[in-house]
Amino acid sequence: MYHAMSSNPNPETRQLSVSPSQFAEQMELLADRGCTPLTTAELAGIWRGGGALPARPVLITFDDGYEGVHTHALPRLAKHGFAATLFVSTGWLRGTYHTGGGLDAMLDWNQVRALAGQGVEIGGHSHTHPQLDQLDDADLEFELLRCREIVTGELGRAPVSFAYPYGHSDRRVRQAVRAAGFAQSLAVGNALAARRQGPYALRRVTVRRSTGVTEFERLVDGRAIGRTFAADRALTKGYAVVRRARQARRKTAALLPGPIRQKGPSTRV
């Protein structure tokens, strides 16, 4: 799982960015090790159909829609003939539907079309990148359907894959993603994807600016992943408690009558 790609990232994206030279080195490693990158849709299709995976399968995914994916990643993917999936937050991209919120230079729709034309699968990542499990049903539906509608209109075909903003989901969110027409979805979890996780909770590992080539090689081999992401998992568990408490307060507020009930501002923009 990649995010921004820049030689000089801003403070907001620095931790989850990689440099162009890092990415080039990582793609060379995948090629040297005989890995076969797939799109998210291809992986899900193989698992659903009971087919055999290719040798050393790997997903290369990009979240949010940063401009560096077109400027820096696309040439490297093309060099090796690698498939990849880009998950876009449609309100963050430059152009007609821009709502603000993007943390760095973002793609425009011409660049998204160029990526799609080179075989990159374009998936959904919501419209404004909220924590989906904190939204009420109406706003959750809006985030999913608006994203899907925009991607369909811009590319001429509906996206079939989705990735949860911040990696957060629960049963209600996963059911909503399915109802919105997405056939599979990726979480984070910092673990290897496995068929038993089901098509709407497939896991990924995070690649950061601090991910050196030796660590990257371990991740590709599936070695020491638990140790590498131990701190991340502890934080995730702690924040899950916070999110559940927020959900409980929201449900309680929804049951209160009249002027006592409090509802936050709509996320629809």
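The structure is a predicted model, in which local features need pLDDT of at least 70 and side-chain atom pairs count only at pLDDT 80 or more, while totals for chains, interfaces and linings use all residues. Residues are numbered from 1 along each chain as its sequence is written, and side-chain values use heavy atoms, with hydrogens and water left out.

## The chain as a whole

Let us begin with the overall inventory. The protein chain comes to nine helices and 10 strands; helices (H or I, at least four residues) and strands (E, at least two) are DSSP runs, numbered from the N terminus. Of its 269 residues, 47% count as buried, where buried means under 20% relative accessible area, exposed over 50%, and partly exposed in between (1.4 Å probe, protein chains only). Among the contacts in the protein chain with a separation of 6 or more, 63% are accounted for by residues 24 or more positions apart.

## Parallel strands and their crossovers

Several strands run side by side. Two strands pair if DSSP finds at least two bridges between them, and the table gathers the pairs described here.

| Strand pair | Direction | Bridges |
|---|---|---|
| E5 and E6 | parallel | four bridges |
| E6 and E7 | parallel | four bridges |
| E8 and E9 | parallel | three bridges |
| E9 and E10 | parallel | two bridges |

The chain crosses from E5 through helix H3 (residues 68-80) to E6 in a right-handed β-α-β crossover. A crossover is right-handed if, with the strands pointing away from the viewer, the path from the first strand over the helix to the second runs clockwise.

Leu-86 also has a bridge partner in E7, namely Ile-122. From E6 the chain passes through H4 to E7, and this β-α-β crossover is right-handed.

Further along, Phe-162 stands opposite Ser-185 in E9. The chain crosses from E8 through helix H6 (residues 171-179) to E9, again as a right-handed β-α-β crossover. Strand E9 (residues 184-189) is mostly covered, with five of its six residues buried.

## Buried residues in and around the strands

Residues up to four places away in sequence aside, Thr-85 touches Thr-39, Thr-40, Ile-60, Thr-61, Phe-62, Val-120 and Glu-121.

Glu-121 brings us to strand E7 (residues 121-124). In a regular strand the side chains alternate between the two faces of the sheet. In E7, Glu-121 and Gly-123 point one way and Ile-122 and Gly-124 the other way, and all are buried.

Asp-64 has a positive phi of about 90° although it is not a glycine. Asp-64 lies in strand E5 (residues 61-64) and counts as buried because its relative accessibility is 3%. Ser-126, likewise a residue other than glycine, has a positive phi near 80°. The place of Ser-126 is in the loop between E7 and H5, and Ser-126 counts as buried, at 0% relative accessibility.

## Helices against their surroundings

Val-177 is found in helix H6 and is buried, with a relative accessible area of 0%. Its neighbours, leaving aside those within four places in sequence, are Leu-144, Phe-162, Tyr-164, Phe-182, Ser-185 and Tyr-200. Val-177 and Ser-161 are 16 residues apart in sequence and 9.5 Å apart in space, C-alpha to C-alpha.

Finally, consider two helices together. Two packed helices are described by the angle between their axes and the distance between the axes. Helix H4 (residues 109-117) and helix H5 (residues 137-155) pack at an angle of about 75°, with their axes 10 Å apart. That makes H4 roughly perpendicular to H5. Axes are lines fitted to C-alpha atoms, for helices over the stretch in contact, and angles run from 0 to 180 degrees between N-to-C directions. Angles under 35 degrees count as roughly parallel, over 145 as roughly antiparallel, 65 to 115 as roughly perpendicular and the rest as oblique.

On the H4 side, Trp-109, Val-112 and Arg-113 meet Ile-150, Val-151, Glu-154 and Leu-155 in H5. The residues of this contact divide into five nonpolar, no polar and two charged; Ala, Val, Leu, Ile, Met, Phe, Trp, Tyr, Cys and Pro count as nonpolar, Asp, Glu, Lys and Arg as charged, and the others, Gly among them, as polar.

Notes:
Contact = heavy atoms within 4.5 Å.
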